[in-house]
Amino acid sequence: MYRTDLSAINEELWLLYRDELFNKVCYKGLGYRFDDFDIFDYSHQLVRLMLAFEDIGVFHGVGEKEEACEMQQLMNGKYGFVLTFLFSPPVGPVEPRSQKTEKAYLEWEQHERLRHWAQQEKNQGRLKTLPPEEIFRLSTTAE
């Protein structure tokens, strides 16, 4: 079987999807924010996590459908909320910051704090912890 490095194609395909599809999606003033988002690191973390869970017997389904169902349970918090926050999509306001969009920007900053917290928890091997209360406050001083 012939194999080739598809990373260059993957990157170009991702850029096409990001620029021509995801960046144009907007609902109620919110859209995907991929400015500082590394989709390849995100997907590699998810694959490594799935393989680790297979190794310890968390995933035992045979076939893509069963594995997809088990992954959905994982993302829905079956094994803790760290993964739910870590792998949540980067959605935030698309309009410039103003008095009208301030709440959306505060929520976006809160979302980013949750993703950062979840990354730290995962790196420490803690999946069933809860975020500290101050992360949920909608203020820029919660950091």
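Helices (DSSP runs of H or I with at least four residues) and strands (DSSP runs of E with at least two) are numbered from the N terminus. This is a predicted model, in which local features need pLDDT of at least 70 and side-chain atom pairs count only at pLDDT 80 or more, while totals for chains, interfaces and linings use all residues. Residues are numbered from 1 along each chain as its sequence is written, and side-chain values use heavy atoms, with hydrogens and water left out.

**Overall layout**

- The protein holds five helices and three strands, and from the N terminus on these elements follow one another in the order α-β-β-α-α-α-β-α.
- Of the 143 residues of the protein, 31% count as buried, where buried means under 20% relative accessible area, exposed means over 50%, and partly exposed lies in between, with a 1.4 Å probe and protein chains only.
- The protein exposes about 10,200 Å², and carbon and sulfur atoms supply 55% of that area; accessible areas come from the Shrake-Rupley method with a 1.4 Å probe, and for residues only the protein chains shown count as cover.
- Among contacts (heavy atoms within 4.5 Å) between residues at least 6 apart in sequence, 59% join residues that are at least 24 apart.

**The nonpolar core**

- In soluble globular proteins, nonpolar side chains tend to be buried together.
- A nonpolar core is defined as a set of buried Ala, Val, Leu, Ile, Met, Phe, Trp, Tyr and Cys residues joined through side-chain atoms within 4.5 Å.
- The largest nonpolar core here has 21 residues, and those with the most contacts inside it are L49, F53, L74, L83, F87, W117 and A118.
- The elements that give two or more residues to this core are α2 (39-55), α3 (64-75), α4 (82-86) and α5.
- When residues up to four places away in sequence are not counted, F87 touches Y42, Q45, L46, L49 and M75.

**Salt bridges**

- Side chains of opposite charge can pair when their charged atoms come close.
- The structure holds eight salt bridges, each being a side-chain nitrogen of Lys or Arg within 4 Å of a carboxyl oxygen of Asp or Glu.
- R97 and E109 meet through their side chains in a salt bridge with an N to O distance of 2.7 Å. R97 lies in the loop between β3 (91-93) and α5 (102-123) and E109 lies in helix α5, so the pair ties together parts that are 12 residues apart in sequence.
- R97 is partly exposed at a relative accessible area of 39%, whereas E109 counts as buried at 18%.
- R97, E102 and E109 are linked in a network of salt bridges.
- R115 forms a salt bridge with E112, and the closest N and O atoms are 3.7 Å apart. Because R115 and E112 are three residues apart in helix α5, about one helical turn separates them.
- R115 counts as buried at 14% relative accessibility, while E112 is partly exposed at 32%.
- The side chains of E20 and K24 also meet in a salt bridge, at 3.0 Å from N to O; E20 is partly exposed with a relative accessible area of 48%, and K24 is exposed with 56%.

**Helix α1 and the surface**

- L13, L16, Y17 and L21 form a nonpolar patch on the surface, with about 370 Å² of accessible area together.
- Patches are made of residues with over 30% relative accessible area and no salt bridge, with like charges joined within 9 Å and nonpolar side chains (Val, Leu, Ile, Met, Phe, Trp, Tyr) within 5 Å.
- L16 is found in helix α1 (residues 7-20) and counts as partly exposed at 48% relative accessibility.
- S7 is also found in helix α1; the C-alpha atoms of S7 and F40, which are 33 residues apart along the chain, are separated by 9.5 Å.

**Cysteines and a backbone angle**

- If a disulfide is taken as a pair of cysteine sulfur atoms within 2.5 Å, the count comes to zero disulfides.
- C26 counts as partly exposed at 47% relative accessibility, and C69 counts as partly exposed at 45%.
- Most residues other than glycine have a negative phi.
- K28 has a positive phi of about 50° although it is not a glycine; K28 has its place in the loop between β1 (26-27) and β2 (30-32), and K28 is exposed with a relative accessible area of 72%.
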